[in-house]
Amino acid sequence: MQFIDLQAQRAQMGAALEDAILKVVRSGQYILGPEVATLEAQLAAFCGAKHALTVANGTDALALALMAFGVKPRHAVLVPSFTFAATGEVVVWLGATPIFVDCLPDTFNMDPASLEAGIATAKRLGLEPVGVIPVDLFGLPADYDAIEPICAAHNLWILADTAQGFGGIYKGRKTGSIGRIASTSFFPAKPLGCYGDGGAIFFEDDSLRETLVSLRVHGQGMDKYDNVRIGMNGRMDTIQAAVLIEKLKLFPGEIEARNRIAQRYSDALEKRCIVPRVPAGLTSVWAQYTIRIAGGPKAGARRDAVAAKLKEAGIPTAIYYVKPMHRQTAYARFPVANNGLPVSDRLAGEVLSLPMHPYLSQADQDRVVAALVAALRA
């Protein structure tokens, strides 16, 4: 059994995918070929954003947004600790300070109360809070109704990190259309993934487009040898754009399938462990289906034992994230809201992600459930 079965998806696309790749190979336009512009238009239309700009990967998408915002030393950016390192990494790249905030135990997403505390922490340390990077973790949009007023009150921009959540819906708004800039990743394991690295930035502000296009190609101006700002090499290659054009055709149906599979998991497991919750009005794309195995101080040991039993039964699992960012060696020196993030610390010992992809059969899902129930009883 595969944790994420990309070959099942490839079989679904058939020859159309191979023909699209071969077309690029024959064209010789391997960087910023016509498929890139086509994909950007389709991505913008899909999520309802005015502009979409493809980039080399999801980390570059975050970094380019921060560069466009003018993030610099003595600036503070509020980020959740319970997420992948890229979210905080890019803040440090630009010499600014990440302030780590806690998450909510039921959705895994940024806790608005901890965000307020993190802003106060930044000011107490003599830093200037300039922005917030909420993460749509595991495919579920963050609590933007709570986060947006806080940001407005403190004059902070929002960079919505929807690397795991692209295609989700927050009370009628699709991810990608939320925040001053939204970013996503097309890493192969993502709900919408390519066959290498890729990412995109979404925004409404026309004035940002020229800056972001320039930053994506070394900060070039009217001529590639007239660089008017410090930029990066952040372009998406044309083959990845061709792959994503084909995958985008399947994506709405795959989101529906992911939600059916997630609901089936929850129905079978809600009395056995703590299952993920989707608040009313929200749609997750279920980048991960993540349960919690409670056990008090020994939760981590119990979770690891359950994962080991599942492995013996041929069931792959994953732990996202075994260490929150504020506990990692490279980031332990940076401030945290309220001098502690108890929910993030607790979740790190409880979470376990089960196989999730649109082509997971009911028979395989039943195997997962049966093996998990047996492991929990052991």
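Patches are made of residues with over 30% relative accessible area and no salt bridge, with like charges joined within 9 Å and nonpolar side chains (Val, Leu, Ile, Met, Phe, Trp, Tyr) within 5 Å. A salt bridge is a side-chain nitrogen of Lys or Arg within 4 Å of a carboxyl oxygen of Asp or Glu. Accessible areas come from the Shrake-Rupley method with a 1.4 Å probe, and for residues only the protein chains shown count as cover.

This is a predicted model: local features need pLDDT of at least 70, side-chain atom pairs count only at pLDDT 80 or more, and totals for chains, interfaces and linings use all residues. Residues are numbered from 1 along each chain as its sequence is written, and side-chain values use heavy atoms, without hydrogens and water.

**Surface patch**
- Leu-22, Val-25, Tyr-30, Ile-31 and Leu-32 make a nonpolar surface patch of about 410 Å².
- Val-25 sits in helix H2 (residues 15-27); helices (H or I, at least four residues) and strands (E, at least two) are DSSP runs, numbered from the N terminus.
- Val-25 is partly exposed, at 39% relative accessible area (buried means under 20%, exposed over 50%, partly exposed in between; 1.4 Å probe, protein chains only).

**Val-91**
- Helix H5 (residues 86-93) holds Val-91.
- Val-91 is buried, with a relative accessible area of 0%.
- Not counting residues up to four places away in sequence, Val-91 touches Leu-66, Val-77, Val-79, Ala-96, Thr-97, Pro-98 and Ile-133 (contact means heavy atoms within 4.5 Å).

**Helix H8**
- Buried residues of H8 (residues 206-216) include Leu-208, Leu-212 and Leu-215.
- Their cover includes helix H3 (34-47) and strand E1 (51-55).
- His-218 follows H8, and its phi is positive, near 65 degrees.
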